[in-house]
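These are my notebook entries on a structure that I had not examined before. I record what I looked up, in the order in which I looked.

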Amino acid sequence: MRPYLRWGALSVTLYLLRRLGIFLLSLVVASILAFVLLSLLPGDQAQTMLGVNADPEALAQLREELGTNRPILTQYTDWIGGVIRGDFGLSRSDASIGSEIVRRLQVTLPLVISGMTLATIIAVPLGTLAAMYNRRLPGTVLSVASQVGIAIPAFWMGIMLVTWIAVRWGLLPAGNFPTAGWAETASAVRSLILPVTVLGLAQGAVLMRYVRSAVLEVLNADFVRTARAKGMTLGQAMRRHGLRNAAIPVVTVLGLQLATLLIGAVVIEQVFSLPGLGRLLLDGVGNRDIPQVQGIVLVITGLVLFINFVVDVLYRAIDPRLRASA
Amino acid sequence: MNMWRRVGVLLTVLCTVAITACGPGESPTTTTGPDGTGAPATTAGGDAPEAPTTTVAATTETTTEGAAASDTVVRVGATLEPVSLDLTAESGAAIPQVLLYNVYETLVKINVDTAEIEPLLAESWDVSDDGLTYTFTLDEATFHDGSPLVASDVKWSFERAKDPANNNPFGSMMEVVDTVEAPDDRTVVVTLSQPSSSWLFNMGSQVGVVLKEGATDLASSVNGTGPFTFTEWNRGSSIVLTRNDDYWGEPAKIGGVEFVYVTDPNQLNNQLLTEQLDLISNVQAPQLLEAFEADDRFVVSTGETNGEVVLSFNNARPPFDDVRVRQAVRHAIDKEALVNTVWAGYGTLIGSMVPPGDPWFEDRTGDFPYDPDRARDLLAEAGYEDGLSITFDVPPPGYARQAAPFVAAQLNEVGIDVEQNNIEFPQWLEKVFTNKNFDMSVVAHVEPRDMGQYGNSDYYWGYDDAEVQGWLEEADTATDPETTNDLLKQVAAKISEDAATDWLFLLPSLIVSREGITGFPVNAYALSFDMTNVAVSG
């Protein structure tokens, strides 16, 4: 018993260390990639600052002052040095990039997390029902509904909701996150209701298909048949054995959706005029504000890797076989 | 029935806008069509010349009598957010829109409705007979930090703008200044190295802003003399200005202004419809105006701007080094149909680089009437009877991306095969503007009185005409306005005749406001959204 436990603890530690190593390496690679790709884009910050009246000497001088004419490696090491000390630098608008990212995350994270929560609440029960009533009327109706949900673009749904609920009936604001942020809790919440609904419905429709096929697979699995042979009803068999097994692919998709949405929510942010992270990234790219883009890329990469890590840990929690094989 | 049809049309338009607004991979605040076709509204990316379309201004003319002062904060919607607050370091038009005249002031002010020069910080000025010496008498103004405005502040600000070490994007407008003296606190004497008819006018733009002597770090500290003080900037959403109760002149009639930045034109409209905004400073989707015109809660006002939508040709290389090819293009495009298609019929047709507000304006739209046959003949004369192929670089703003397919189709009619490249704004600056590596492009030039660029042979369109350069020089150094106007009329006629570029139309100033908001200008002849006379009633 004892040696087994020790080995177990060691393997978990090793596993975590390996994950941490991959995590840090990915961060570095992502930041280098972003830096290089951005500097390959035509046009630079000096040019976008001085505009169409700039003369070449002024441009050269401004590049000198901004330091954008230095070798790219020097620019990178300077920047990463600051980041290691916890300083993300200043954006072109003279804001601290670190605190600006934090401010934008206060919009994007609640939006994405509530959206995905809503998606899960919709998708898991409906997807399961669709599977259990497969090839019967309720199952078909649910499948069609999910297909329609996938086919409708999120921004279109957003516009419909705004047009009817906000403009026609005046029930909720058309986006417009309060400038005071979460200090004005009530209006902050109200401004997020429609975007979260759109996100939840759109992602829920996708997720539902995965839930349905995962459950379908489990329904036909030998262990469910065995459980039923032992006298359980289908519902009991599903609750005791089925859902846990169906959860693995669903958790994978959930993790992927969450990761994509951190930036992908920019579509919703635009439709509802929310000052989120995606919009900050777009602005940064357009202004050729390299430090700002870098900061965001780093934060996003970190979050995505963190989500993947959580998904991995969840796998092990859900499926003991994975724990043993690690 | 009719209403349902209207809703249907509106929804269709909304959807188009949204599709384009969400296209991936575009520049910052830019919304564009996936392939540049038919996408209505757009907001400019980056922030230089295309920013035009967001420029609006206020008027000193619109009467607001009877409207009592109120503490209401007026919420103004706009699509293009400033990149920085430092209008001496950044060229973006979104910055002066907020800060010029509202927060920072200049010696003279350009009336946004009439383009006339009016006193602001200078209560009066004298110009010597040789046109070289300007003596300004300052009004008793105070900065927001409480210190009085003195002549040395003006001297310091002007010298700062002129010094190339400070990288002022418009510093070249100060090149003609030889010395600035402050003989006493109320008097500023500016001596020019040669007479300049444009200098005083330029002093009404952001390059002439008067700062507190020794001011540093303008991006984070704003100390002006204007009727509003800067309160806060919530990046990504809004900029708040508050009435300056200690203003030296006539105080503002509203409690403040909140400029709200909404990148999606459709969302901008919705926010006004749901009364989260009081006014939209420049409508980026004229196709959507119908929704407001039918609704008596709102007033739609249409005026003119300085934003000439220039279809530029690379005069320095084939095929556009041949004047006949350029003229052929001018004949080949039906401008009226273009404005109707692209900008819902809003916008003024112009035939040269002069908006109707300039004193030397002449209607030149008849120079090259729509005549595809004539265009084909000119191309044949130039040796292109079998047609030719050109590239067309198109930056993101809506007017450009929507006009491009229309232009391409019409050129195709006369045998010019157009390959359209949609590019981002920073890329446009590098490829077209700096490296001059293009055949044809389109962008709005929004600076006031910017015809002088046709005298700069290094400018991106590479138009090099000794006569025009001479006239422009002469016009600027003339001390008599009549001479200046005559010479500039000649320039306008010559660049039109030579088809140095083509001019698609003049961007309109389209403002939608809630009923009861008054005092904003109809035109936008200066790069300021001047809120100094705005009042709220009811």
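I first listed the buried residues of α13(A), which are A:Ile290, A:Pro291, A:Gln292, A:Val293, A:Gln294, A:Gly295, A:Ile296, A:Val297, A:Leu298, A:Val299, A:Ile300 and A:Thr301. I count a residue as buried if 20 or more other C-beta atoms, placed from the backbone, lie within 10 Å of its own, as exposed if 12 or fewer do, and as partly exposed in between. Helices are DSSP runs (H or I, at least four residues), numbered from the N terminus.

I note that this is a predicted model, in which local features need pLDDT of at least 70 and side-chain atom pairs count only at pLDDT 80 or more, while totals for chains, interfaces and linings use all residues. Residues are numbered from 1 along each chain as its sequence is written, and chains are lettered from A and ligands numbered from 1 in the order in which they are written.

I then checked the length of α13(A).

Next I looked up how α13(A) lies against α10(A). The two axes, lines fitted to C-alpha atoms over the stretch in contact, come within 10 Å and cross at roughly 175 degrees, on a scale from 0 to 180 degrees between N-to-C directions. The helices are therefore roughly antiparallel (an angle over 145 degrees). Among the residues that make this contact (C-beta atoms, placed from the backbone, within 7 Å) are A:Val251 and A:Leu258 of α10(A) and A:Val304 and A:Val311 of α13(A). I find 15 nonpolar, three polar and one charged residue there. Ala, Val, Leu, Ile, Met, Phe, Trp, Tyr, Cys and Pro count as nonpolar, Asp, Glu, Lys and Arg as charged, and the others, Gly among them, as polar.

I turned to α12(A), residues 277-286, and found 10 of its 10 residues buried. They pack against α5, α10, α11 and α13 of chain A, together with α11 of chain B. Just after this helix, A:Arg288 takes a positive phi of about 55 degrees.

Which element gives the most to the side of chain B that touches chain A? I found that α11(B) does, with eight residues. In total, 49 residues of chain B are in contact with 48 residues of chain A. The chain B side divides into 20 nonpolar, 23 polar and six charged residues.

Conventions:
Helices (H or I, at least four residues) and strands (E, at least two) are DSSP runs, numbered from the N terminus. Two residues are in contact if their C-beta atoms, placed from the backbone, lie within 7 Å. Angles under 35 degrees count as roughly parallel, over 145 as roughly antiparallel, 65 to 115 as roughly perpendicular and the rest as oblique.
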